[in-house]
Structures are given as C-alpha cells and as structure tokens.
2 protein chains.
Amino acid sequence: MLTERRSQLLRLIISEYVDSAQPVGSETIMRRFELPFSAATIRNEMARLEEEGFISHPHTSAGRVPSDKGYRYYVEALMQARDLPAEVKQTIRHQFHQAGREEDEWIQLSAAVLARAVGNAAVVTLPRTAESRLKRLELVGIQDNAALLVLVLQQARVKQQVLLFPEAVEQEQLASIANHLNQAFSSHTGGEIGRSNAQLTQIEWHVANAVREIMEAADRGGYDEAYLEGVRNVLQKPEFGTSEKMLNLLEVLEHRNLARLIPFSQIAAEGVTVMIGSENDRDAMHEYSLVVSPYGNPDGITGAMAVVGPTRMDYSQTISTVRFIAGVMSEMLSTYYDEDAVPRELDQDATAS
Amino acid sequence: MLTERRSQLLRLIISEYVDSAQPVGSETIMRRFELPFSAATIRNEMARLEEEGFISHPHTSAGRVPSDKGYRYYVEALMQARDLPAEVKQTIRHQFHQAGREEDEWIQLSAAVLARAVGNAAVVTLPRTAESRLKRLELVGIQDNAALLVLVLQQARVKQQVLLFPEAVEQEQLASIANHLNQAFSSHTGGEIGRSNAQLTQIEWHVANAVREIMEAADRGGYDEAYLEGVRNVLQKPEFGTSEKMLNLLEVLEHRNLARLIPFSQIAAEGVTVMIGSENDRDAMHEYSLVVSPYGNPDGITGAMAVVGPTRMDYSQTISTVRFIAGVMSEMLSTYYDEDAVPRELDQDATAS
DNA sequence: GTTAGCACTCTCGGGTGGAGAGTGCTAAAA
DNA sequence: TTTTAGCACTCTCCACCCGAGAGTGCTAAC
C-alpha cells in the first residue's frame, strides 16, 4: 500500500499536526524529528502521499494537513494501541468511586470524567434494555384526586408520574389498586399489559393504562436521554477561531440532537468504533470525529459513550481511554444493576440479620 | 431628576439601541422618530445625560450607548409594563400543556419555553421545600445482596439509590423492613430520622441511615439542580463577535455554576427582580442582565426562574414574560403537587368507583 | 433655548507591500 | 535510481496607511 518510509512520514505528520494544529512543512518535520534525509526528499514523499489522498494542502504554499483518509490509515495501520498508564487508570477509577447515588447522576459523572480525560466533549447515553419489564408499582396519594404513580422497572430504573383521578380516592383504595396491579402485571412488558385481559375495575384500568403508556414511552425513548460534557474543551481548540464555527458545533451538540449524534446502526456491538470526518453521514459532522463504544452487557442492558472532537485528535489516547472507561462502566453496571450477574438460586442459602 | 424631554430621549435611545445593537447618534434618532427639534439640540441633551451617567460613549466620535444606570432608570421609571398579548399567552400555555410526565421534564420544558419566548437564555431551578419530609419508602430487591431503595418525599419528589447489604436479604424481609420503617418515619424529616430512637434491627438501621443521607443531601442540594436552555439565542447576538466573549459566557453558564447564577439572597420573595450588569456581584456577569422571579407558593414549595442575556435586552417584554410564566408554573405546581391546595378534610366526602 | 455650521476625532474597510513559510522543479551528486 | 541543493514562485499574514463615513462638541447666530 504505502512504502515503509511514507507510512512513517505520515505518522510523523499526523503526530506533529495533532500537537501544533498548524499545517506541517517539510523543513519543520525534518528538524523536529531529526530525520536522516533532507527536506527535499520529504517534499517528494509528501507529494506522493498527497497524490494518493492521505494528506492535503490548504493552499499552495502551506504545509500539509492529514486528510480523513490519512487519519483512517493511521488508525488502522500506524497507531500503536498503547494501554493507559496505571496511574491514569487509577485516577479515573477514583473519580468513579465518588459516583452519585442515582443512575442519572453517575452517567453524567462518567461523561464528565471521559471529557476531562480526553480533553474533548463526551456524550454518554443512559443504559437501556431492549424492552423494559415492570417490577413493582406504587401509588402514593398527594391530593384527594391525585396520586403519584411510581414504577420500578427492571435494572433499577424508576419512573414517576402524577395521576389525576376524576374523583377523590382514599389512600387505602390506592393501596389495594397497587396491590392488585402488582399481582397482575409484575414482570410484564408494556405491550403485555396492554394486551392483558385481567379483570380490572374502571379506576384500575385507568392506572394500568398510564403504566402502559409510561413503559412504552420509556422503550420508545430508548437512547433519547444522554449527557453531554466538555463542550468547552472542544470550543477552546484553535480550530474555532471564528464564532461561526462555534455556533455550528453548538448546534450539532444541541440537547435535542444528542441521541442522534451516535450512529447506533453503524457501531460494532463490542469494542471501540472510530468515525472520522466525512465518514459520518451527517454533514454537520464532517469536520469532527467520533470515538464510540457501547458499554454494558452485550445482550442485556447497554448504553453507548462517545467522544466528539475535531478530526485532529489524539486517536490512540482517545481510543484507549474510551475502551477503558467503557470497561469500568460495564463493570459497575453488572455490579449494581444486572440481575443475572449472580444467579438467583443463591437466595436459598442466604441468611439475614 | 431628569427633565421630561431628557427622559423621553433616554427612552428613545434605549429603544433604538436595543433594536440595532449600534451606538445611536443624534442624527439617527432624530430622523428615526421624527423629533421636532434638531440634531444639535439632541446633542446638547445627550451631553447632559452623559454627564449624569445615564449613557456613555464607546469612543469620541461614536453614538451613545445606555449605561447600567440608564437601563435602571428606564426599568424603574420609563418603561410601561405592558401585558403580554393574549395570543402570546395562549401560545405559551399551549406549550405547557404538552408538558412531560416527570417533574424534571416539565421544568426543563419551561426553561425552553421561556428561552424561546424572550429570545435569550433561561435558567429554571427545580422547585424545593425548605425541608423535605418522607412520605413513603420502598425496597425492591435486584440482587441477593442489593436492593433499590425508592423514597417518595412530599411534593411528589422521588429519590432512588441502590443499596448493598453485607449479606443476602430476601424479598419478604425487605418488605418487612420497608413496612417497619414506613411506620416509624413517615412524614419525618431527615434530621428527625437521625435523632429518632426507634427500635431498629441492624439492617433496618443501615437502611434508615441511607434514607437520612439521601434526604439531607436533597435538602442541602436545595437549588443545585437547574435547567438551562437557549444559550444559542444569546450567543447569536451581535455582541458576541469574538469567540473569546462566547467562551466567557459559556463559562458562566457552565453546568456546575447554574445554581449560583441566581442570587437568591437578593431577589424579592414575590414578583420579578431585575439585575442589570454590574449590579450583579459576580464580575463575570457585569456585561449581562438577569431577570428573575421565584415561582410556587411563597411559603411552601418554590423555585426560581431567570432570563440571562446581554444588558441590551427588551426589559419590558422580558419582565412581562417572566412574570406570566412564573404565574403559569405556580399554578401548575399547586394543581399537581401542593398538598395544601385542597384541604385534606374533603377526603371524607369522597367516594371512589 | 434652539439651530446651523464647521472643525475635529475616531472607526472601519480596502489596498499595499514586505516578511516568512513552504512548495515544486531542475540539475547535480551519490 | 535516489537523494540533495538551489532557486524561483506562490500564498498568507500582518502591519501600515488612507479615505470615507459617522458622530461629536463648540461657537455664533437666530
């Protein structure tokens, strides 16, 4: 494909450009890396690299800049995937140990940790199952004709909604409704609840309907919810000289778009996927790269995390970091939320204080 | 204080500057408003207004720009507080009716609605009580030695946390623990739970301790949580020509700082408070104004909402909008969450289907 | 008190011109 | 055949200047 020397040269160009954000010239690179041949030779090689599309010229008399194809070749063939240093791992783990109490909180924390570790923006979706199942529901009266409906779904997700009744309902009656519905619908999916023909009073049917709606919305929502951190990391980079470019990026990272940012259909079921510049279908992303990884149990509860930054990024370090953090999160997920992590049968042996 | 004519002139200058974002000159304003005196007269008046600090000069030969003091005078004395047009109110109300199911969701929605209505950024804090009281707790097993603790607090707030036990605990036992703790602690505050000397088993004590921690964290957290929308509205305004200024604003609006943005100690308990530029203690806010209002029941559950934008903003329209939306939200809050809205006694008369 | 006239000040945009960086080509050296 | 030195050429960037335009402040007349 490429001669050894040209490969190495490409590697150096990328490394230098990632550092300096300046187009790199033949002279510069020769001095910087004390290469054993002259600038002229490098110019010849660069001309070839450019012919083949690995680097390009912003304008005639400027240095060279890696193209998307160049970065792609680098990621596939040149980059050595080095492991993170032990102390970095330690630091990251430590930050996770201060994780908040609620799921939302620690997902958000993970986005912040990732963003800081790679110096770019990070998006982390909430972990989801294919179809949620009801574990328990609870009705708590808050007014004569209003109650808070709390659903506990599998994998420790909690949903809540205020229900209004056409007439006053007493606390006792709420308890009995909850009781009945728990018996009827425990471990059912939203769809199953809809199709069920359990005997229900009118008011129970009203509640069951709300339960179904919430669960279906949760499933439909799927990866809608995600946390974004570190936008300022990206915006501070030299590529954002003009406020126009900043606004563009901010538009891409709008709250409403976050979930669409991650191309779920195109990422591997496991491991890190890299999408460089125009490899991404979305036009607005053509100047940015995405380093994505799913996390969680491959056939259970999963989410995805992504680093977003200019195509000029340290892919090696970013990939290692994403891989590591995805691992840590998968671990935490099975420790805390995965019901299959420890077989249920062990229950029998257990004693309680 | 100011002669009538100077007042009116100030009003026109502000109105023109808010529109155009350009320093306004004597000629411009004369032509624009067809004033019955000449530019020279206006220049004389402007010189006086400047002497007294209501307007200023960016540089010698530029037009005039309102100062913070000028805006302040405008807000106090010149601005007519006009009501929002009925159809705008209707539109806003309509947007609220599509409100989400969970409290977080509709607070976030309200921030988006406010931001759009005023064309600036908006921050809305979650509504809080002074001290939360436990309404009900629930333990749902998710692994042999882990359970999800769900707390329902007054005002329909829900908190959740995964609890790990030193040994396996069966579902029945969880139910009995929950039962016992519900009896002991229902309608208690976190502090009261801590001081209680109820008879508890070791594992119950473990759970009660977690409950206390969560509740105290929730109270301490207070206004920590807030939603921000419409940053791009602000960033698109002409005052943000340089990316530097954009970064400054983004820093102020960082997620972690949101709650500190609202100077709770300095806002009125009711009605709209306006803080213009350097009236705000925070240096970073000297170029921005804040239009703040609390919402909710004055002595019950309350939150605050604020509009953030450059000092050059349409104060009249912004104030009206904030006032109106705060009203709508207070209304919704008492409809859905305020337990005192309808006296409990009515319960007696109610019948249920 | 108001106005016209006018000199003055400052910004902004366009144009110019050199410095600097880097290229591509050619011809000689290895 | 590959590598290198030399050199003309190109393009950007920055500093500088200049004139147009907008607006002011002052003065003197109405």
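**Entry 1: surface near DNA strand C**

I sorted the surface near DNA strand C by class and got six nonpolar, eleven polar and three charged residues. For this I counted Ala, Val, Leu, Ile, Met, Phe, Trp, Tyr, Cys and Pro as nonpolar, Asp, Glu, Lys and Arg as charged, and the others, Gly among them, as polar. The model is predicted: local features need pLDDT of at least 70, side-chain atom pairs count only at pLDDT 80 or more, and totals for chains, interfaces and linings use all residues. Residues are numbered from 1 along each chain as its sequence is written, while chains are lettered from A and ligands numbered from 1 in the order in which they are written.

I then looked up which residues come closest to DNA strand C. A residue is near a strand here if its C-beta atom, placed from the backbone, lies within 6 Å of it.

Both chains supply helices to this surface: H2 (26-33) and H3 (39-51) of chain A, and H3 (39-51) of chain B, each give at least two residues. H3(A) gives the most, with four residues. Helices (H or I, at least four residues) and strands (E, at least two) are DSSP runs, numbered from the N terminus.

**Entry 2: surface near DNA strand D**

I repeated the search for DNA strand D and found 20 residues around it, with A:Phe37, A:Thr41, A:Thr60, A:Ser61 and B:Gly25 nearest. Here H3 of chain A, H2 (26-33) of chain B and H3 of chain B each supply at least two residues. Which helix gives the most to the surface near DNA strand D? I noted H3(B), with four residues. By class, the surface near DNA strand D holds six nonpolar, eleven polar and three charged residues.

**Entry 3: chain A overall**

I checked the confidence of chain A next. Its mean pLDDT (the predictor's confidence in each residue, from 0 to 100) is 88, and 93% of its residues reach 70 or more. Over residues 341-353 of chain A the pLDDT is below 50, although this stretch has 23 contacts in the model beyond near neighbours in sequence. Two residues are in contact if their C-beta atoms, placed from the backbone, lie within 7 Å.

I counted 13 helices and ten strands in chain A. The radius of gyration of chain A is 26 Å, well over the 20 Å that the globule rule gives for 353 residues, so chain A is more spread out than a compact globule. The radius is taken over C-alpha atoms, and the rule is 2.2 Å times the number of residues to the power 0.38. Along the principal axes, the C-alpha atoms of chain A fill a box of roughly 90 × 50 × 35 Å.

**Entry 4: sheet in chain A**

I traced an open sheet of three strands in chain A, ordered S4-S5-S6 with antiparallel pairing. Strands pair if DSSP finds at least two bridges between them. The edge strands are S4 (134-143) and S6 (157-164) of chain A, each pairing on one side only. S4(A) and S5 (residues 146-153) of chain A are joined by eight bridges. Within S5(A), A:Val152 is the bridge partner of A:Arg136. Helix H9 (residues 202-221) of chain A packs on this sheet, touching S4, S5 and S6 of chain A, and its direction makes about 140° with that of S6(A). Axes are lines fitted to C-alpha atoms, for helices over the stretch in contact, and angles run from 0 to 180 degrees between N-to-C directions.

**Entry 5: sheet in chain B**

In chain B I found an open sheet of three strands in the order S4-S5-S6, paired antiparallel. S4(B) pairs with S5 (residues 146-153) of chain B over eight bridges, and B:Val140 stands opposite B:Leu148 in S5(B). Eight bridges also join S5(B) to S6(B), where B:Val152 stands opposite B:Val158. What lies between S5(B) and S6(B)? I found a hairpin with three residues between the strands, and B:Gln155 in the turn has a positive phi of about 65°.

Helix H7 (residues 171-185) of chain B lies across S4 and S5 of chain B, at about 165° to S4(B).
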